[in-house]
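Subject: Handover of a structure

Hello,

I am passing this structure on to you. Please look through the sequence and the model, then read the notes below.

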Amino acid sequence: MNLTGIHHLTAVSARIRDNHHFYTQTMGMRLVKRSVNQDDVSAYHLFYADAKGNPGTDLTFFDWPVPRERRGSNSIIRTNLRVSGRDTLEWWAGHLRERGVTASEIAERDGRLVLDLEDPEGQRLT
């Protein structure tokens, strides 16, 4: 088997309507599937990705009423999404500013250019 990366990550959202708006309108991701959590059918499971579901583009959320993330909780601290380079990061920096999203300056981390931001619930993204 030739693995090319992680297919998707799943996070939790207590404000699923705001989540949907942020990831589709601000981040420009497609809602490619809406289902229920197989272990808790009272909760939605939203799948966002590009049109093909390429590795590195798929992010999913369970709809559970949980408190905002606490820093230092021994959890994954930042979800990374792929883009094609500095020009794209510069476009994203401007796009996010126009929508009132606070983002870091473009920086280099571990040999890659990055732009850090948070969604409205504090989910940290790069």
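Arg109 is partly exposed, because its relative accessible area is 34% (buried means under 20%, exposed over 50%, partly exposed in between, with a 1.4 Å probe and protein chains only). Before the rest, some background: this is a predicted model, in which local features need pLDDT of at least 70 and side-chain atom pairs count only at pLDDT 80 or more, while totals for chains, interfaces and linings use all residues. Residues are numbered from 1 along each chain as its sequence is written, and side-chain values use heavy atoms, with hydrogens and water left out.

Salt bridges

Arg109 forms a salt bridge with Asp116, the closest N and O atoms being 2.5 Å apart (a salt bridge is a side-chain nitrogen of Lys or Arg within 4 Å of a carboxyl oxygen of Asp or Glu). Asp116 counts as buried, because its relative accessibility is 15%. Salt bridges with shared partners join Arg78, Arg109 and Asp116 into one network. The side chains of Arg78 and Asp116 meet at 3.9 Å, N to O. This pair links distant parts of the chain, 38 residues apart: Arg78 is in the loop between S4 and H2, and Asp116 in the loop between S6 and strand S7 (117-118). Helices (H or I, at least four residues) and strands (E, at least two) are DSSP runs, numbered from the N terminus. Arg78 has a relative accessible area of 24%, so it is partly exposed.

Another salt bridge joins the side chains of Arg15 and Asp18 (2.8 Å, N to O). Arg15 is partly exposed at 37%, and Asp18 is partly exposed at 38%. The count of salt bridges comes to five.

Core

The largest nonpolar core has 18 residues (such a core is a set of buried Ala, Val, Leu, Ile, Met, Phe, Trp, Tyr and Cys residues joined through side-chain atoms within 4.5 Å). Those with the most contacts inside it include Phe22, Met27, Leu96 and Leu117. Two or more residues each come from helix H1 (16-26), strand S3 (40-49), strand S4 (58-63) and helix H2 (86-98). H2 gives the largest share, four residues.

Leu117 touches, among others, Phe22, Met27, Arg78, Leu96 and Leu125, not counting residues up to four places away in sequence (contact means heavy atoms within 4.5 Å). His95 lies in H2 and counts as buried, because its relative accessibility is 9%.

Strands and surface

Strand S2 (residues 30-37) and S3 run antiparallel and are joined by seven bridges (two strands pair if DSSP finds at least two bridges between them). A hairpin through two residues connects S2 to S3, and Asn37 stands opposite Asp40 in S3.

Val41 lies in S3 and counts as exposed, because its relative accessibility is 63%.

Loops

Asp110 is found in the loop between strand S5 (107-109) and strand S6 (112-114). Phi of Asp110 is near 55°, a positive value in a residue other than glycine. Most residues other than glycine have a negative phi. Asp110 is exposed, because its relative accessibility is 76%.

Arg68 is in the loop between S4 and H2. Among the residues that Arg68 touches are Glu118 and Pro120, not counting residues up to four places away in sequence.

Regards
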